[in-house]
Amino acid sequence: MGLHFSKEPFMSTTTQPLPETLNQAQRLMDESRHREALELLSQARREQGDQAPLSERGRLHLLTGNCLVASDRGAEALAHFKRSSELYEEARDPLGQANALEQLGTAYHQRHELTQAGQSFQRAIRLFEKAVDGPGQARNLRNLGGVQIDLNNHQAAQAAYQQARVLFKEAGDQEGMASCVTNSALLLYRNPGRPAAIAEYRRAIEEDGVDHYLIYNNLGFLLTTTI
């Protein structure tokens, strides 16, 4: 049997600067080679984790957390996302901290720890606003809407989706707008009912210029169903 070589050789982190190691780990993750990426990141934490600049250490923990989530080890990821947020905060890097909090909130939500998830998303929203990152605000408002649905707070969820929809529209993000519209319409379908959901889809097309197959598909389905 011949020897198998990976597409990218495993490299000791002592032979390259930490930013290059982090970029290499990201490439491995993009190729779904999470075990190799995790080994590389673990070695980097052992060898360079206490000496690198704060923002680089923040990214190191953020990537580690993402890799653990992708490896179905979400419980372990929480500590890395928290540490990443702390390091970015110490580095006075609001965008880095916001990204860490977004991942932290997502990890909490997956574990159905709704209070912690909501708090993380709310902090991320404020930091994305500080960093003047509209798409980041929009994503986390949408995430917060999902948490509010799980908390049965549909009014708050609708408000979050509507705010996210405006920001996605400003960014020209059709996919983001469509996701908010479908969630809003589903809530309206539950209460007050089908006509309100139909009106929401029509408003999205006629007033917001949403041009997405999900909107047309869902609207068509509602129009062909009987009460």
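**Labels and cut-offs**

Modeller: Among contacts between residues at least 6 apart in sequence, 54% join residues at least 24 apart. Contact here means heavy atoms within 4.5 Å.

Biologist: What are the ground rules?

Modeller: This is a predicted model: local features need pLDDT of at least 70, side-chain atom pairs count only at pLDDT 80 or more, and totals for chains, interfaces and linings use all residues. Residues are numbered from 1 along each chain as its sequence is written, and side-chain values use heavy atoms, with hydrogens and water left out.

Biologist: How many helices and strands does the protein have?

Modeller: The count is 11 helices and 0 strands. Helices (H or I, at least four residues) and strands (E, at least two) are DSSP runs, numbered from the N terminus.

Biologist: Why is Gln 16 called buried?

Modeller: Its relative accessible area is 10%. Buried means under 20%, exposed over 50%, partly exposed in between (1.4 Å probe, protein chains only). So Gln 16 counts as buried. Of the 227 residues in the protein, 45% are buried.

Biologist: Is Thr 224 buried or exposed?

Modeller: Thr 224 has a relative accessible area of 63%, so it is exposed. The residue belongs to helix H11 (residues 213-224). Its side chain reaches the backbone oxygen of Phe 221 at 2.9 Å.

Biologist: Which residues have the most contacts inside the largest nonpolar core?

Modeller: Leu 41, Tyr 201 and Val 210, in a core of 53 residues. The largest share, 7 residues, comes from helix H6 (residues 114-130). A nonpolar core is a set of buried Ala, Val, Leu, Ile, Met, Phe, Trp, Tyr and Cys residues joined through side-chain atoms within 4.5 Å.

Biologist: What is Leu 41 in contact with, leaving aside neighbours within four places in sequence?

Modeller: Leu 22, Ala 25, Leu 60, Leu 63, Thr 64 and Cys 67.

Definitions and conventions: A polar contact is a pair of N or O atoms within 3.5 Å; within protein, one must be able to donate a hydrogen and the other to accept it, and residues adjacent in sequence count only if both atoms are side-chain atoms.
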